[in-house]
Every structure is written in C-alpha cells, then in structure tokens.
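Welcome, and please load the model in your viewer. We will go from stop to stop, with something to select at each one.

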Amino acid sequence: MSGDGNAADQGPAHRTVEIGMAIAMGLFAILVIYGAWIAGVGWGFEGPKAGFFPFIIGVILLGATAINLRNGLQTSDTKVFAEWSQLKQVWAVTWPIAVFIALVPYIGIYVASVLLIAFFMMWISSYGPVRTAIIAISVPLITFLVFERWFLVALPKGPLEAMLGY
C-alpha cells in the first residue's frame, strides 16, 4: 500500500473494492430477502412467520448496501486498497479454510481439523512431520474430549468417527 508508483506490485483501487463488496452484499441481501419471502414474512396465528425477522434484516442490509454503493460510486479515491502480494497472502489462508468448511459435512470436523492444522503447519510454517503430526492430532483430540465428553456438545462427525463407534 505504499503507492510508490511501482506498477508491478499495485493492487485494486479502494473505490473498486468498495463497489465490488457493495454489489456482493447487495446480492446476498436479495438472497436473504428472497429466502425469507419463501419462508413467509407475514404474521400468523402464533405470531411472526419464520421469514419475518430475516426479511427485516435483509431489507436493512440492502438499504445499508445501497448507501455504501452510492458512496463508492461518488468517491474518486484511487488509492490502492492492498497490493497484490498482500492479497496473495490473504488468499493463501482463505482457500484452505474454505476447503476445510466444505469438507466438514463429509469427513467430520475432527478429521478436517487434522488436515487443516497439518496443512498450515507443513506448508505455511514449515514444521517437520513429527511435530506436525503430534499437534495436528492432539488439537482435534483435545477438542473432542472437551466438547463431546465434558460439555456433551456433539460436533459434526464423519465416517471415521462412525467406524470408531462415536
């Protein structure tokens, strides 16, 4: 974000990011409103229907998004939001977490956690395989004991836990 004129390491303009995020949030708000509408936004005999409060939140979000979009379109801010090298570092952390989230319903949170921790330790931090294995297995195991045994809170499990009888 130095703005020193080095075009090779420039990034998207602040204005571009503002407009892009406003559009993305606007689409999300429309999706929330649509889903709430499908669930029912009226008032039933027992009180508000399931979509009543999400509909209100969606409308508020859409209004705030409209204000942000207007402000983004009116500004002439050409400062760099972040340099591409910085965005690359953010992406290096974001995509493994997205894969982790996608894997949890299929392999469970514990196995997915082992994979995520091992990936970050080996790839980003360059720890050795022994230390990585110890920590990558210990953290989900401790999490299992605390949540499943101590607090009695069931977390998503996969085929491995089913095979072990949990």
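**First stop: Val32 and helix H1**

Select Val32, which sits in helix H1 (residues 14-39). Helices here are DSSP runs of H or I with at least four residues, strands are runs of E with at least two, and both are numbered from the N terminus. Before going further, please note that this is a predicted model, in which local features need pLDDT of at least 70 and side-chain atom pairs count only at pLDDT 80 or more, while totals for chains, interfaces and linings use all residues. Residues are numbered from 1 along each chain as its sequence is written, and side-chain values use heavy atoms, with hydrogens and water left out.

What does Val32 touch, not counting residues up to four places away in sequence? Show Pro54 and Gly58, and you have its partners; contact means heavy atoms within 4.5 Å.

Next, colour the whole of H1. The end C-alpha atoms of H1 are 37 Å apart, which agrees with the 38 Å that its 26 residues should span at 1.5 Å a residue. That expected span is 1.5 Å times one less than the number of residues. Pick out Ile19, Ala22, Gly26, Ala29, Ile33 and Ala36, the buried residues of H1. Buried means under 20% relative accessible area, exposed means over 50%, and partly exposed lies in between (1.4 Å probe, protein chains only). An α-helix has 3.6 residues a turn, so residues three or four places apart point the same way. Just after H1, click on Gly40, whose phi is positive at about 105 degrees.

**Second stop: helix H2**

What covers the buried residues of H1? Helix H2 is part of that cover. Select residues 52-74 to see H2: its 23 residues reach 33 Å from first C-alpha to last, close to the 33 Å expected. Gly58, Thr65 and Gly72 are buried in H2, and the buried residues of this helix pack against H1.

Zoom in on Thr65, a residue of H2. Thr65 counts as buried because its relative accessible area is 7%. Leaving aside neighbours within four places in sequence, Thr65 is in contact with Ala22, Met25 and Gly26.

Switch to a surface view and select Trp91, Val93, Trp95, Ile97, Val99, Ile101, Leu103, Leu115, Trp123 and Ile124, which make a nonpolar surface patch of about 920 Å². Patches are made of residues with over 30% relative accessible area and no salt bridge; like charges are joined within 9 Å, and nonpolar side chains (Val, Leu, Ile, Met, Phe, Trp, Tyr) within 5 Å. Areas come from the Shrake-Rupley method with a 1.4 Å probe, and for residues only the protein chains shown count as cover. Val93 counts as partly exposed because its relative accessibility is 37%.

Most residues other than glycine have a negative phi, and most peptide bonds are trans. Go to Ser126, in the loop between H3 and helix H4 (129-150). Ser126 is not a glycine, yet has a positive phi of about 60 degrees. Is Ser126 buried or exposed? At 60% relative accessibility, Ser126 is exposed.

Then move to Leu152, in the loop between H4 and helix H5 (159-163). Leu152 also has a positive phi, about 55 degrees, although it is not a glycine. With 68% relative accessibility, Leu152 is exposed.

Side chains of opposite charge can pair when their charged atoms come close. Display Glu148 and Lys157, whose side chains meet in a salt bridge at 3.0 Å, N to O. A salt bridge is a side-chain nitrogen of Lys or Arg within 4 Å of a carboxyl oxygen of Asp or Glu. The whole structure holds 1 salt bridge. Glu148 is buried, at 12% relative accessible area, whereas Lys157 is partly exposed, at 27%.

**Last stop: the whole chain**

Zoom out to see 5 helices and 2 strands, following the pattern α-β-β-α-α-α-α along the sequence. The C-alpha trace spans about 65 × 55 × 25 Å along its principal axes. Buried residues make up 22% of the 166 residues.
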